[in-house]
Amino acid sequence: MILGNKLKKLEDSIDTHVIDVSKYNYSEVPVVLAFYELEGYPKLILELNRERNACKSYEEKELFLNKYKKVYLSERKMYRCILKNLINGTVKIRYSETLRGQEEYLFGALNRFKKFDRQKSLNENLCEYMKAKLRQKIHDVNQELYKLQNHPADYINTFSKFIGPNSISKYRKDIIVYKDVTIAETESNSYSVFYNENTTEDTKNALLNILAYFNGSPFFYYTENYNFNKKLLELYEQFDLLDMLRLREKNFFDRNRKEPFYLELPILKQKNDYNIVSIQDSEHEMIFELYHASLKQFESLPRCVFLYRVIEFGIVKHYQPLMRPSDFSHEEAIEYYADEIMVHRFNPLYYVDFGTYENENGTAIVRKRRAKYVNLTTKLKEEIKKIKLEWSNHYYLKNKSIGSIIYGTGRNAVAHGGGGRGNARYDYSMNYKHINDVNIFLELIARYIIEKLNPQLMNMVERRTNYYIQHNQYGDIFVQEKD
């Protein structure tokens with residue numbers, strides 16, 4: 001039977017004036033309503049999936065796009081018809097008599113999706129619930145049609161590799177799209193990359209590198225070597241951009257107190273309220289790769305080397321074309337960027353300061369201030385102001401420009417070994433913390449250059465912190481006063 005005939009038969013079998021859950025008892029009804037769907041359509045999609053997965057080439061799979069579209073258009077038409085009839089009061093909701101007297105159980109079980117009005121009858125509440133559920137189903141079908149129209153590769157791509165070390169998106173249902181590659185959730189607490197035989201390795205890597213920039217965290221595609229994957233997982237899970245702030249604390253290496261604050265995944269804005277994050281093409285994919293490499297460096301000294309690679313790329317691709325200098329030095333370029341980062345409005349990267357810390361014995365949690373969200377880039381700007389003041393009072397650095405200090409440390413002392421005692425060293429209380437101060441400049445300069453070379457990425461991150469509070473259910477925590 002051809003698809004058109006199957007759809008006609010399915011549509012004829014659906015009674016758009018009846019929603020029948022009468023064969024289920026009161027404990028089963030909430031589950032049935034929560035996952036309500038017109039059963040024939042998912043079966044048709046699974047059938048198409050099996051046929052598509054048996055295809056060998058991109059061109060064969062591409063022929064299925066129109067078939068998927070026909071199924072979804074038919075499904076949407078039937079959902080719309082039922083919703084219209086429900087609004088007009090011509091739909092009968094049939095349910096078992098066991099549901100009567102169990103209204104509170106039903107309302108409690110479904111309360112997270114739809115608020116119920118205790119002043120209305122059971123049937124009225126069920127009607128209102130199903131209106132909301134049908135609108136959701138129509139929205140879900142529209143999302144699939146949107147993908148077919150705008151990101152058809154999502155219906156051609158196949159699962160490939162897992163991504164480590166942790167969650168890659170704030171909302172687990174997000175589908176992140178770049179060119180013909182998608183990243184989406186797969187198994188519990190995991191994400192994977194999906195691509196096809198026409199996808200290039202550069203595109204696949206570019207998407208992961210771009211997400212590393214948004215998240216401020218390193219990621220990797222799993223290899224076939226389990227032990228190597230495990231090592232990378234353990235390694236990357238220890239990294240945190242906030243170490244730049246921790247190293248700014250006085251007597252950091254002598255302290256035992258822990259203050260639990262951590263970097264949040266950003267909320268990436270979706271398209272048309274769908275679970276789709278669409279990233280526009282970049283003309284400078286290499287800068288994301290260079291920056292991602294810097295995120296994989298844990299200690300100040302190697303991180304400084306890798307951050308400076310981003311700066312050198314930016315000088316060639318951004319500073320020189322922008323300023324068109326007949327003659328310039330790296331110090332001048334760095335001086336320019338050091339000024340620009342202080343007035344630039346970065347994509348936000350938030351961390352949670354819970355306002356608490358463990359006492360020295362680790363036996364109690366003390367609240368010293370109210371919890372709050374802090375934008376890392378804003379905090380780094382504040383630290384830069386302090387660092388400039390410290391350098392202006394330093395016996396040696398006070399006579400040097402910001403550009404020459406950063407260049408002298410970030411390139412000469414760190415990247416080269418011919419300076420004798422001028423080489424950067426791992427003396428934690430001196431060189432190590434000074435390099436970290438330089439890294440704070442370099443971090444913001446790197447992100448500034450990325451955003452200037454990729455203006456299409458600006459405003460992709462949600463700035464309103466109430467969205468983060470709501471998502472994490474931190475409402476109660478954020479109103480607690482200090483002890």
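The legends below describe close-up views of a predicted model.

Local features are reported at pLDDT of at least 70 and side-chain atom pairs at pLDDT 80 or more, whereas totals for chains, interfaces and linings use all residues. Residues are numbered from 1 along each chain as its sequence is written, and side-chain values use heavy atoms, with hydrogens and water left out.

View 1. F261 belongs to strand β8, residues 261-263; strands (E, at least two residues) and helices (H or I, at least four) are DSSP runs numbered from the N terminus. F261 counts as buried because its relative accessibility is 11%, where buried means under 20% relative accessible area, exposed over 50% and partly exposed in between (1.4 Å probe, protein chains only). Leaving aside neighbours within four places in sequence, F261 is in contact with L242, R246, Y351, V352 and D353, contact being heavy atoms within 4.5 Å. The C-alpha atoms of F261 and T356 are separated by 8.7 Å, although these residues are 95 apart along the chain.

**View 2. Parallel pairing of strands β1 and β2.** Strand β1 (residues 18-21) runs parallel to β2 and is joined to it by 4 bridges; two strands pair if DSSP finds at least two bridges between them. D20 stands opposite R94 of β2.

View 3. Of its 47 lining residues, W391, M430, K433, H434 and D437 are the closest to its centre. A pocket is an open set of points on a 1 Å grid over the protein atoms alone, where a 1.4 Å probe fits, with protein on both sides within 12 Å along at least five of seven lines; lining residues have an atom within 4 Å of a point. The lining has 15 nonpolar, 10 polar and 22 charged residues; Asp, Glu, Lys and Arg count as charged, Ala, Val, Leu, Ile, Met, Phe, Trp, Tyr, Cys and Pro as nonpolar, and the others, Gly among them, as polar.

View 4. The peptide bond from G164 to P165 is cis, with omega near 5°, and P165 is found between β3 (158-164) and β4 (175-178). N272, in the loop between β8 and β9 (276-279), has a positive phi near 55° without being a glycine. N272 is exposed, at 52% relative accessibility. R324, also not a glycine, has a positive phi of about 50° and lies in the loop between α12 (300-323) and α13 (330-340). The relative accessible area of R324 is 70%, so R324 is exposed.

View 5. In α13, A333, I334, Y336, Y337 and A338 are buried, and their cover includes α12, α14, α15 and α16.
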